[in-house]
Amino acid sequence: HNRYCVWTANAGSNTPDFSIPEPMPLPLSEFTIAQAVKKKGYAPALVGKWHLGDFKKLPGGNPKWPVSNPGSHGFDFWLATERSAPTATLNCGCFNQSSCIKGHYAGEEFACNNYWHPGANTQSGIQNISKPESGDDSTFMVDQLESFLRDASMANLRFLAYVPFHTVHIPYIATEPYLSYYKKKGYSADEIDYYGAISAMDAQVGRIRSLLDKFAFKENTLLWFASDNGPKKGTPGSTNGLSGFKTQLTEGGIRVPGIIEWPAMIKRNRVVTTPVVSSDFLPTIMDILDLKMPDDRPVDGLSVLPLIKGETKERSHPIGFAYNVMGNFSGAYNVSWVDNRYKIDSKYSNGKVVESFIYDLTVDPGEQNDLSSQVPDIKGLLLKNMEEWRQSVIESTQKVGCMISNKGNDNDGKGE
């Protein structure tokens, strides 16, 4: 998020009513995947979690930054929440809390997190759902997606659908039949909710596949499934032995499985170990559609179409991550640089690397054996490339105008 001025994905989470606005929403100057596919006549849709800014101006909001909703960034059909929300009875906190299914969160007060969508007869141009939605949230989301797919099929529309599930972000809550299933297995209340919510989402991912078949889209639709980060420490989630958790740049925090299905292109099952990142989505889809970026702005991702076609087994450019970055890139924060084989983990303080390690992920995915003394030349080159990338990110923030002074008047959040 750092290059795009979204310093904190969780702004406002310290207040129960989310009254503190997102200080740095996604700038309107950014070029999105929705805007890209529309150039080729595709209808872009989003159902689920947005988390790139507030939909309406809130009291105390920074006047320098506009509201940011899916519609302002190119999505024609959208039904979205501003941020994380419960995985069951999602918007119940906006109404009578007695309608909330709370699972192992019983006794806690839920914040108001509602779904919003375009509203032609409202002053802001958007409106929210006026009644509580019951049951599992993943099911509700795919209900809305089914409506979109049906309309797209009837109108013979090509489409892009982005479906960011709330599961399994906290608060995660199970519903039937998975609630009873895991309860009978003897799991704890926390585990029942965690596994139950994931099972419900898994069923809905299967339903999406069935809907693509039902509406005759399956053969030539690229279906891309992935998570955004590893599990949060203290939850039942597993890293399968990888080091660290969410909010850390070790592999347990950033490595997740990804699955691609595209019957017209992928004719047999393959397991690929080449690292891929969500920043690759935009350049890959633009490559498929034979599109070019509108200008020479830096793009962190790259097209993995050659990887999908089986034409290569390596990426041509490493993946950069930065976490705990303050708005002015001062203070202490972490940066990692992931190549096809090697990975740099580093700590910065006031613009300088103060500690760094290099690991061979092909034999040491748990990052236990620092190879700094064995491969100093490789480490030096990767550190140099990583610093060039970091400087590029800083230049992007300066160009957009979201760099923050040391006084921190505009934002005191930490990037994710």
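Arg-341 is partly exposed, with a relative accessible area of 42%. In this predicted model, the side chain of Arg-341 forms a salt bridge with that of Asp-360, at 2.8 Å from N to O. Asp-360 belongs to strand 11, which spans residues 352–360, while Arg-341 sits in the loop between strand 9 (332–338) and strand 10 (342–349). The pair therefore ties together parts that are 19 residues apart in sequence. Asp-360 is buried, since its relative accessible area of 4% falls under the 20% cut-off. The value for Arg-341, 42%, lies between the 20% and 50% limits, so this residue counts as partly exposed.

A search of the whole structure returns 20 of them. Side chains of opposite charge can pair when their charged atoms come close.

One of these bridges joins Arg-83 and Asp-54, with an N to O distance of 3.0 Å. Arg-83 lies in the loop between strand 2 (77–81) and strand 3 (116–118). Asp-54 lies in the loop between strand 1 (43–49) and strand 2. The bridge thus ties together parts that are 29 residues apart in sequence. Both partners, Arg-83 and Asp-54, are buried.

A further bridge connects two helices. The side chains of Glu-146 and Arg-207 meet at 2.8 Å, N to O. Glu-146 is in helix 2 (residues 137–154) and Arg-207 is in helix 4 (residues 189–214), so the pair ties together parts that are 61 residues apart in sequence. Glu-146 is buried, because its relative accessible area is 14% and the limit is 20%.

The loop between strand 2 and strand 3 holds Arg-83. Thr-87 is placed in that loop too. Thr-87 has a relative accessible area of 0% and is buried. How far is the side chain of Thr-87 from the backbone nitrogen of Ile-173? The separation is 2.7 Å. Ile-173 is also among the residues that Thr-87 touches, when those up to four places away in sequence are not counted.

Key. Residues numbered from 1 in each chain as written. Predicted model: local features only at pLDDT ≥ 70, side-chain atom pairs only at ≥ 80, totals over all residues. Heavy atoms only, no water. Salt bridge = Lys/Arg side-chain N within 4 Å of Asp/Glu carboxyl O. Helix = DSSP H or I, 4+ residues; strand = E, 2+ residues; numbered from the N terminus. Buried < 20%, exposed > 50% of the residue type's maximum accessible area, 1.4 Å probe, protein only. Polar contact = N/O pair within 3.5 Å; in protein donor to acceptor, adjacent residues only side chain to side chain. Contact = heavy atoms within 4.5 Å.
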